[in-house]
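Subject: Structure handover

Hello,

Here is the structure I promised to pass on. Please open it and keep it beside this email as you read.

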Amino acid sequence: MITKFIKRILRRDPMVKHTQANNTGAPKRIPKKAHRIDPHLLSKNAVKVTHTLQQAGFEAFIVGGAVRDLALGISPKDFDVATNATPDQVQRLFRKARLIGRRFQIVHVTFFGKGHPEIIEVSTFRALLDNAGDHVAESGRILRDNVWGSQGEDAARRDFTINAMYYDPSSETVLDYHGGVADMQKKTLRMIGDPAKRYREDPVRMLRAVRFAAKTGFELDGATRAPIAKLGKLLNDVPSARLFDEILKLLMSGYSWAAIQGLKDAGLHHGLLPLLDHILDTGADSKGANDFVKLALANTDERIQSGKSVSAGFLFATLLWPDLLKNWKANSAKGMANIPALHDAMDDTIATQSSGMTIQRRFESDMREIWSMQPRFERRVGRYPYRLIESPRFRAGYDFMLLRCATGELNPAIGQWWTDFIATDVTGQDELMASVKNESGNSPSPAKRRRRRKPKAAVPPESAAS
């Protein structure tokens, strides 16, 4: 009796707009023996969310990229849940849940465990927007999207067929409305519906197409690829913050260089990513820049694929370094002193990004600090090495310097010297300082020599420092 009363209360929501019954057809039901999803790859918290919603009388499925990755045998990084419960109804069922979003309202359900908190994103089935009126701009871009519908309509609203599958952990069944499983077998990335219309609804889908193709190794379907070159300019209308988030996902996909090449092939890098224009465009002086960026991105991909953290500030510092180095050399050629020339080059380099994706201020601060350290690594006398290793961002600056050594921009002996310096004790550091003295003939003033402290525990070198 009480359970029925609670269900009746939860389902009462006069403010929610629902559409007519689904007219998109029945899904293909794929049993466990066919999809072969390993239950051990599932998030226990995602399963808990679907179970709680189902116990309350709602439909609930794991959906989207998580199902795609599970079907490919990959452990998903994030889990999304789709349900016919409204956001308010979802929020009432979980203690740690909050509504987010204006364009499309969803619920974040947070679980706290031994490690980092896990957020399960819960969305309500969305309706088709053929008669959405003021929900769509003149260009076709969706402005507001809080009209709820059936599961079939929700599947039709999703972007690619491989992202429109629904997995029910309780029955271990996959519901496939648009042939996503068949496309996975053919290694094809295909847009649901008319691609040009779907890109106009949300131009970010063009970037997602490139990212998914790079991550999965799938080929873009011809009809899916064709409109991108013509409609790429629509990305100029996307809010800067959302564009930044999507580019960051692309760069931190674990397949960043392949994704960047995909941007170039699709003609999406010009203007959108000024920091990549001079790298991806062919030119006489592009080889060194390519080598540096490719090595940085390869190290970033390796860290992500092995489950390690990556700093976005470090990543953008590497991508912008070839441009900064060019500006730095130009300033020095004008007669500017070395350090002022560097700081002026920083300002010019960051300013060039304002025409496309705007890098967030917190990452800009990290980038400047990493860049500012680079001349200091060459000053291996007196107090300078001891002061430098005490910097909060020393590890990131050190990893950045190693990339410069690996590409021949900086003498590799300098990188080895610093690697030895941070790994040894006080006596070893004295010997390394003496070696620099013998090489250069310069001796630090004993009166200014700082009192040495016990060195910190050695930390093995890492790339793309977190």
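First, a definition: two strands count as paired if DSSP finds at least two bridges between them. One more thing before we start: this is a predicted model.

**The sheet**

Take A82 as a way in. Which residue is its bridge partner in β6? The partner is S123. That bridge belongs to the pairing of β3 (residues 80-83) with β6 (residues 118-124). The two strands run parallel, and 4 bridges join them. In general, the strands of a sheet pair through backbone hydrogen bonds, either parallel or antiparallel.

Now zoom out. β3 and β6 sit side by side in an open sheet of 8 strands. The order is β1-β8-β7-β2-β3-β6-β5-β4. The pairing across the sheet is mixed. Which strands stand at the edges? They are β1 (28-30) and β4 (97-100). Each has a single partner strand, so one side of each is left without a neighbour in the sheet. The sheet also twists: from one strand to the next, the average is 30 degrees.

**The salt bridges**

How many salt bridges does the structure hold? There are 15. Here are some of them.

- D154 and R158: their side chains meet in a salt bridge, at 3.1 Å from N to O. Both residues are buried.
- K186 and D183: this salt bridge spans 3.6 Å, N to O. Both residues lie in helix α7 (residues 180-186). They are 3 residues apart, about one turn of the helix.
- E409 and R404: the closest N and O atoms of this salt bridge are 2.7 Å apart.

Look again at the K186 pair. Is K186 buried or exposed? K186 counts as exposed because its relative accessibility is 57%, and exposed means over 50%. D183 is at 2% relative accessibility, so D183 counts as buried. The cut-off for buried is under 20%.

R404 has 5% relative accessibility, so R404 counts as buried. E409 has a relative accessible area of 29%, so E409 is partly exposed.

Salt bridges can also share partners. Which residues do such bridges join into one network? They are R68, D69 and K215.

**Where to look**

Start with A82 and S123. Then follow the strand order out to β1 and β4 at the edges. Finish in helix α7, with K186 and D183.

Best wishes

How values were computed: Residues are numbered from 1 along each chain as its sequence is written. This is a predicted model: local features need pLDDT of at least 70, side-chain atom pairs count only at pLDDT 80 or more; totals for chains, interfaces and linings use all residues. Side-chain values use heavy atoms; hydrogens and water are left out. A salt bridge is a side-chain nitrogen of Lys or Arg within 4 Å of a carboxyl oxygen of Asp or Glu. Buried means under 20% relative accessible area, exposed over 50%, partly exposed in between (1.4 Å probe, protein chains only). Axes are lines fitted to C-alpha atoms, for helices over the stretch in contact, and angles run from 0 to 180 degrees between N-to-C directions.
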